[in-house]
Amino acid sequence: MLVSDMNRLENVDPKLYKKCSDRKITPEEEDDDIIDPFDSREVYDIIRNIYDPEHPLTLEELNVVEQSLIEVDNAHNVIRVNFTPTIPHCSLATLIGLAIRVKLLRCLPTRFKVTVEITPGTHSSEHEINKQLADKERVAAAIENSHLIEVINQCITPQ
């Protein structure tokens, strides 16, 4: 458990989902001479193994991230990720969004504009959290906070 102790769990018994199989890499994808556009599955593979800050489970296992909620527009260099907190009043939703954003910023080419938002209608503070995640200055300040980046790094580092 990364953030909370056993007495402070918000979602004591989260519902678990089956992990999808690993994507098979084709010879064309390994050829550096072929332009291989990013797709939603590739972005999903980057973020699906991020750990929940409250439980030792991945965002994929908790169904917080889904491939169907990822949009990739290679022509305009835009990636949009929606995520669904496990409960509608999750106090760690901003932290989860930051972990997704940091992981993508570290893994994707800088040409992409990344938007991370809560899936519409799935959180009681959806608008406020989306506003925080969209604010570049607030995200930069969060990443510079040594305690916060330590927690984010725990979430995005394979365990």
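Mentor: Buried means under 20% relative accessible area, exposed means over 50%, and partly exposed lies in between (1.4 Å probe, protein chains only). The model is predicted: local features need pLDDT of at least 70, side-chain atom pairs count only at pLDDT 80 or more, and totals for chains, interfaces and linings use all residues. Residues are numbered from 1 along each chain as its sequence is written, and side-chain values use heavy atoms, without hydrogens and water.

Trainee: Is Phe-112 buried or exposed?

Mentor: The relative accessible area of Phe-112 is 8%. That value is under the limit for burial, so Phe-112 is buried.

Trainee: What kind of pair do the rings of Phe-38 and Phe-112 make?

Mentor: Rings of Phe, Tyr and Trp (its six-membered ring) pair if their centres lie within 6.5 Å; planes under 30 degrees apart are stacked, over 60 edge-to-face, the rest tilted. A search of the whole structure finds one such pair. The ring centres of Phe-38 and Phe-112 are 5.2 Å apart and the planes stand at 85°, so the pair is edge-to-face.

Trainee: How many residues apart are Phe-38 and Phe-112?

Mentor: Helices (H or I, at least four residues) and strands (E, at least two) are DSSP runs, numbered from the N terminus. Phe-38 is in the loop between H1 (27-30) and H2 (40-47), and Phe-112 in the loop between H3 (93-107) and S3 (113-118). The pair links distant parts of the chain, and the separation is 74 residues.

Trainee: Which are the edge strands of the sheet?

Mentor: Two strands pair if DSSP finds at least two bridges between them. The open sheet has the order S1-S2-S3, with mixed pairing. Pairing on one side only are the edge strands, S1 (70-73) and S3.
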